Amino acid sequence: FSETMTFSAFRPGFNDTLINDGSTINVTTSYTILLSTLAIASLVSVIIKKRRKIKHYLLNDLLLHILTHHRSAVVTIVGLPLSLVWDFTLKIRLHYIRIFKSAPHLHNKRVKIIQEQVKNRPDKNAPLCTARPGWMSVSLSYRSYKQKWNAIEMPLYDILSIDVETLSVTVECN
């Protein structure tokens with residue numbers, strides 16, 4: 001078994017060449033591959049050791065940083081399309097109410113139902129409030145008091161009368 005290897009003066013960092021049976025390997029390239037492999041291995045070991053901190057940073061701190069420092073981009077990319085969807089949904093809801101719930105001739109019956117709810121409420125000492133959901137409210141605060149109080153449903157949607165002479169409109173108060 002005879003194998004010949006010839007080296008030029010072996011100096012790391014120079015363009016040295018290793019010759020083995022006619023094949024040529026650049027020594028600098030070999031060192032680069034070795035150093036790259038070691039760097040990736042050490043990076044992987046650091047990631048494995050600190051994966052909880054990295055996960056915390058990516059889930060909490062990075063999200064907070066993006067929401068704080070890039071508000072306009074977040075609003076443009078997320079808020080604008082969601083507001084358009086929300087607006088469309090409310091318009092569909094309004095048309096549904098106009099078509100299926102509008103019945104001005106049932107006003108007196110609806111008022112009687114509300115009066116019965118007030119008379120038959122479970123806790124006579126608790127205050128009254130409307131059963132209007134929090135998402136329909138103008139305020140952004142959470143409506144926790146509605147769970148403790150007597151919530152009365154008020155399905156009033158209609159325009160009852162329009163008087164052109166006195167310029168007045170009578171509406172149900174929802």
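View 1. At 61% relative accessibility, Phe-100 counts as exposed, where exposed means over 50% relative accessible area, buried under 20% and partly exposed in between (1.4 Å probe, protein chains only). Tyr-96, at 43%, counts as partly exposed. Both residues belong to helix H3 (residues 71-101), four residues apart, about one turn of the helix. The structure holds one aromatic pair. Its rings, those of Tyr-96 and Phe-100, have centres 5.1 Å apart and planes at 45°, so the pair is tilted. Rings of Phe, Tyr and Trp (its six-membered ring) pair if their centres lie within 6.5 Å; planes under 30 degrees apart count as stacked, over 60 as edge-to-face and the rest as tilted.

The model is predicted, with local features needing pLDDT of at least 70 and side-chain atom pairs pLDDT 80 or more, while totals for chains, interfaces and linings use all residues. Residues are numbered from 1 along each chain as its sequence is written, and side-chain values use heavy atoms, without hydrogens and water.

**View 2. Arg-110 in helix H4.** Arg-110 lies in helix H4, which spans residues 107-119. Its relative accessibility is 10%, so Arg-110 counts as buried. Beyond its neighbours within four places in sequence, Arg-110 is in contact (heavy atoms within 4.5 Å) with Lys-101, Ala-103, Pro-155, Leu-156, Tyr-157, Asp-158 and Glu-172.

**View 3. The protein around these sites.** Five helices and seven strands are present; helices (H or I, at least four residues) and strands (E, at least two) are DSSP runs, numbered from the N terminus. Along the sequence, their pattern is β-β-β-α-α-α-α-β-α-β-β-β. Of the 174 residues, 8% count as buried.
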